[in-house]
Each structure stands twice: as structure tokens, then as C-alpha cells.
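This report describes a structure for a reader who is new to the subject. Please look at the sequence and the 3D view before reading on.

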Amino acid sequence: MTAETLLKVEGVETFYGNIRALAGVDVEVKKGEIVSLIGANGAGKSTLMMTICGSPQARTGKVIFEGQDITHMPTHEIARLRIAQSPEGRRIFPRMTVYENLQMGASLDNQKFFNEDVEKMFTLFPRLKERQFQRGGTLSGGEQQMLAIARALMARPKLLMLDEPSLGLAPLVSKQIFAAIKLLNEQQGLTVFLVEQNAFAALKLSHRAYVLVNGSITMSGSGSELLANPEVRAAYLEGGAH
Amino acid sequence: MATVTNPSTASTGSLTAKALREATFTAVMTFLMFVLFVGLKTDQNMRNELILVPRWGLLAIFVIIAFVGRFAMVAWLQPWRTARKAAKDAAPAQTTDAGFVKRNFSKLAILALVLYPPIILSLFGAQGSLKYIDNFGIQILIYVMLAWGLNIVVGLAGLLDLGYVAFYAVGAYSYALLSINFGFSFWILLPLAGILSAFWGIILGFPVLRLKGDYLAIVTLAFGEIIRLVLINWQDVTQGTFGISGIPKITLFGIPFDASPHGFAKIFNLPMSSAYYKVFLFYLILLLCLLTAFVTIRLRRLPIGRAWEALREDEIACRSLGINTVTTKLTAFAIGAMFGGFAGSFFAARQGFVSPESFVFLESAVILSIVVLGGMGSLTGIAIAAIAMVGGTELLREMDFLKHIFGPDFTPELYRMLIFGLAMITMMLVRPRGFVGSREPTAFLFERKNVSGSFTKEGHG
């Protein structure tokens, strides 16, 4: 692929107090790609994702989105550049209805495309249509994840960042979620940056992937390359065939 | 149904035995607990010696109450409640349409409030109606307005504010000081007091932007106390604990309510009476209340109102959706404070006197309990709670017949806090989400559906 670069992370170091969580990470996401970031617990996957979103901010290094330096921007302004985030743990609004949750996602455009987009989401996730009057908190885990993704998509993002969409979901449900991501990418050319523990599913889905170990990128390559890589297989795939 | 009630009817004998057993146990526990507190009293005799006065009769009353209460609860109340619950579960879910009264509740309530003064006037005459319009009507409506204002901060934005009375104080003192020193009229000072309070709301908002829950509660509590202490100690301006008296009354667009030739009574050729002023105040506070309700309802449908509710639910999600949480929080504080300021300036004008006494922490607590009791975010529930709490206090003052029972020294309003506490505990047990626990969604595609009370915010925070 020779598409233009959408997001570029250059030598980013992030600290929690004095503890260095990211030690100079370089990541690049091109337009129209699905890029995933895999790694063990505590490797810094979510930290990298949060750093891109500006909370916490990187101490050194740069985050560049469409040529614009967003390293020190506040989170909500980064979101307004249409980097949609579905944070870890889904974080839907539990006491608002499904419909209201979607509405919150559309606040950027002042509801201009709201009806049109809601219909799209209901086609993508028919379950949400059935549940539109229900409170977010009463949905099942999978439905909540669908809602989280749909809510992020309501902002018409240029880049969709998903943190562990398969977390705590039944294999069949996470399969549905990944299928939806793939569909969005193929049909609408949506760029997706995916953080995932489920390495097998993520690698199968992605065009390219990065492996994060103790705050540094140790490997990168196309999804199929990494799938075939013996080190990756030993560390993340064997012993848990998904 | 038959199967449901069966256990209680078949085993009546064992139930009575069980009730007797438990009641006896309770009676013994009560005896042990109260024998030293109630059964014996220390007193002084003629020679100034400490003696023990036994009060066995009183102790016996306590023990009997406990015994009878426990027996009734086990033998009758509990089987009745389980039977009712089972019957409720067994019955098919009813989907009856809401009745006429329920559908038009707010319209009917407003109509009733508008008609309230003339009805009271015709029933009790100009002098007799003062109590009902002033003590019940105006007093309750002030609290309704305060609670609706606080509802924006606590109920919608989810920011627990224990110092709300500070904004009430700012509004009241703004009106008192500016009207006395500069002679501005109420109609200029009402918006000005609101703006000043909103400004203080923002001042409070800035340092607490990062705080949540308990920490926020402590800082807001401190803020309320700071304002009160400033009012007490800045004697040059506020005259300290003496308060400010002689605050000008409100005029009806320039027509004063007094005996002068330009007064209201003379102009409209009516007999002189203070009732007109009270009726006027009643309508004024009613109007202010309706303004608060209207603004709240409108704001909930606007992006800012939705952002408040989203902020209450999840701050991180808000930020990742592009909502500026800083301005969202500050506007919640500012608008909530503004209504507190409106209410405060009305309060000052109505009393004609303000002192720091009126703005103690207890007031904040009462306003907050009204919001919690009514159901966070529900305007109707809060109004009902305000009527119950404030009206209940006023009713206690009226209960002179209690003096015949408990003796002439008995002042029922002193038991107000005790009754408050009991009412709160009962409410939290019976209806943990407040009187009106349902939250009406602000967005809907085809039809409006109320969300069941079991999913709305519980009375925490």
C-alpha cells in the first residue's frame, strides 16, 4: 500500500510519575488500513492508545495526525479532529438509552447527519435497533461493545481507535465485532487502529501489525507475516488456539 | 394465587409461635438496652445528693412497644408483604395507559398553583390567608426553586455540591447590599444577583474541576462555610451577625405595595391589606420556579444538557467524544448557581432582612435531601419532595394539639430533624431512587417511552 500517512507516532515516551510506560515508540497508520497493536498485559498497549488521545500526554516524541502535531492537544480537541476512540472497557453511558448514546456520539456535527448515520448503525448492528429504547447499562457485553463502536462511528471518524473490542466477550460475539470492523474497512475505507489481546483474530484481520513488549515495539510487519513468525506464535498464539 | 397464600394460612399456628418467640426476644433486647437509659434516671434530691429515680412504667411502655411492634411485623406485616409481592409477580405485566391526571400532571399542578391564592383568599379572608400563602406557598416555592437549581448540578451533571447555600447567600446579599447602597430596584438586581452567583459558581468550579464524588463534596462544603464566615466577619460591608435589615420591598414595575397614594391598594381602589404583597410575591416566585423548570427542560434537550448527563455517566467517554469537560462542568456550576442567586435575591426582598444565620450548612443539606428524596433529575419528584419536607416542617409548627398530649413545653418543630432522618431512611429503603425514579429520555425515534425507575440513578453521591 502506498496510501498517505494518517497517523504517525514518533519516538513517544510516556511516563506515569517516574515510571516509563512507553520507551520511544514509533507507529505509522496509513489511510484505509487496519493496523493492530498486540502485546501482553502491561506492555503499554492501552497507554499508547491513550497517549495518542492526549491523556496522558507524551513527555518526549511526537504524535502527528494528518500532518498536524497533536502531542499536546487536550483530549476533546483531538477527538474533534475526528479521531474516534472506543476506550477500553467500552464506557458507554449506562443510564442513557441506546439512542441517546448514539446521539452523544454525533455531537460534533450538531446532529446534521444524525438520522442518516443512525440508520447506518442500525443496519450494521441490527441488535442495537431492537434495543434502542433500552438503557445502555442493561445491554449484554457484546451489545455494549457494538454500541461503543457505533457511538464512535457516529462522529464520522477519519481514524477509529478501538481498545480491546473483544474484551470479555464470547468467541462468537467477538467474531461478529471483528466482522463488522472488516466490513467498515472494506466498504467505507475506514482506517482502524486496533489494540488487541486476542492476537490471532487481530492479526488475521489487520493489514499490518506491531508487537509491543515492555513499552517498545519489537516487531512489525503485515498481519500474515506476523502470524507465521515463530516468535510471535510462541509468545502470543500457541497454547491458546482461538 | 391460592398456592401463593397457602403457606401463610396453613401454618398460622407456627407463625404465631414464631412471632411470639421473636417478639419476646425483641422485648428482652429492648429491656436490656433501655434499662439504664430509660429505666433509671439520675437526679438530685433536696440535700444535693445524686439519687437514682427508677422509671419502671416508662421502661415497660418501651418494652411493650417493641414487643407489640415485632409481633405485628412478624405475624401480619411480613406475610402480607410476601403475599402481595407474590401476587404482583404472578399478575401479568400491566400496560395500562396513564390516566388523565397522570398525563397532564404538570399542567394541572401549575393551574392549581395559579388558583391557589384566590382560593385561599376567599376561604380565609385577607388576614387569615397570610399564613397559607406566605409560610406554605412562598416558603415551599423558594425551596422548589433552590432544589431545581441544585438539580442541574447534582441531578444532571452529577457533581455533588454540599455548599449550594453559598450561592443563595451571594444572591441574597447582592440584592440586600446593592439595593440599600445604590437604590437599584429588584428588577435590575434579580438578573444581576443571578450573574454574580453564576460568577461565584465558576470561581468554585475552577479549583474542583479534577475532583469527584467525596472530594468534591468536601471542597464544596468548605466553600459554603467560607462564604458564610466571610459574611460574618466582613463587618464593614455585611454588618456581620447583625445582618442587614430594611431591605426595600419589591415593586410591581414601580408601584409599591404600601399605604402611600401611589401604592397598589390606592391605585386599584382596594382596601389596604398586606395580603396583596404576599400574593404578588407568591406569583413572582411561582414565575421564577417555572422559569427554572422551563430552562432545565430545554437545556436537557440541547447539546449542553446532554453533555451534562453524559458527564454524570462517564467523564472519559465524554472527552473521547469531543466534549469539553471543563466548560461543561463550569456551565453546570454557573447555571445551577444562577438559579440559587435568583432565589436568594427573592428571599432577601421577601424577608426584608438577611443575616448569615439563614445560610448555614443545614440549608444546603435540606436542599440536597429534597433533590435526593425527589429523585435526582426529576423535576416533579423534587417539587413533591419540597412540599413534603418544607410543608411538613410548617405543619409541625401548626400541631398545637400535640401540646395537650405531651405537655405545654412540647415544641413539635424541634423534632423536625428526627422526623427528617426517619423519613429519609424510610424512603431509601422503600424507594431508593426517590419519589419519581424514572428518567425521561431526551431523544427518541418513534415514540416516547419512560425508562423504568430501576435503572435510574440510585440515591448515592
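Which residue in β8(A) does A:Val35 stand opposite? A:Val35 stands opposite A:Phe193.

## Basis of the report

The model is predicted: local features need pLDDT of at least 70, side-chain atom pairs count only at pLDDT 80 or more, and totals for chains, interfaces and linings use all residues. Residues are numbered from 1 along each chain as its sequence is written, while chains are lettered from A and ligands numbered from 1 in the order in which they are written.

## The sheet of chain A

Chain A has an open sheet of 6 strands in the order β6-β7-β8-β3-β9-β10, with mixed pairing. Helices (H or I, at least four residues) and strands (E, at least two) are DSSP runs, numbered from the N terminus, and two strands pair if DSSP finds at least two bridges between them. Strands of a sheet pair through backbone hydrogen bonds, either parallel or antiparallel.

The edges are β6 (83-86) and β10 (216-222) of chain A; each has a single partner strand, so one side of each is left without a neighbour in the sheet. From one strand to the next, the twist averages 15°.

## Strand β3 and its neighbours

Strand β3 (residues 34-39) of chain A pairs with strand β9 (residues 208-213) of chain A in the parallel sense over 5 bridges. In this pair A:Leu37 stands opposite A:Tyr210, and A:Gly39 stands opposite A:Leu212. β3(A) and β8(A) also run parallel, joined by 5 bridges.

In β3(A), 6 of the 6 residues are buried, so the strand is largely enclosed by the rest of the structure. Buried means that 20 or more other C-beta atoms, placed from the backbone, lie within 10 Å of the residue's own. A:Ile34, A:Ser36 and A:Ile38 point one way from β3(A), whereas A:Val35, A:Leu37 and A:Gly39 point the other way. In a regular strand the side chains alternate between the two faces of the sheet.

## Helices on the sheet

Helix α1 (residues 45-52) of chain A lies across β3, β7, β8 (191-196) and β9 of chain A, and runs at about 145° to β7(A). Helix α6 (residues 141-153) of chain A packs on the sheet and touches β6 and β7 of chain A, with its direction at about 165° to that of β6(A). Axes are lines fitted to C-alpha atoms, for helices over the stretch in contact, and angles run from 0 to 180 degrees between N-to-C directions.

## Two domains in chain A

The domain assignment, of an automatic or database kind, gives domain 1 (1-82 + 157-242) and domain 2 (92-155) of chain A. Their centres, taken over C-alpha atoms, are separated by 23 Å.

In chain A, 12 residues of domain 1 are in contact with 11 residues of domain 2; contact means C-beta atoms, placed from the backbone, within 7 Å. On the side of domain 1 that touches domain 2, α7(A) gives the most, with 3 residues.

## Chain B

Chain B has 19 helices and 4 strands. Of its 461 residues, 36% are buried.

Helix α6 (residues 130-156) of chain B packs against helix α16 (residues 361-374) of chain B at an angle of about 70°, with their axes 9 Å apart. That makes α6(B) roughly perpendicular to α16(B), a term for angles of 65 to 115 degrees. Residues that meet here include B:Tyr143 and B:Leu146 in α6(B) and B:Ile367 and B:Leu368 in α16(B).

Methods
Buried ≥ 20, exposed ≤ 12 C-beta atoms within 10 Å, placed from the backbone. Contact = placed C-beta atoms within 7 Å. Parallel < 35°, antiparallel > 145°, perpendicular 65-115°, else oblique.
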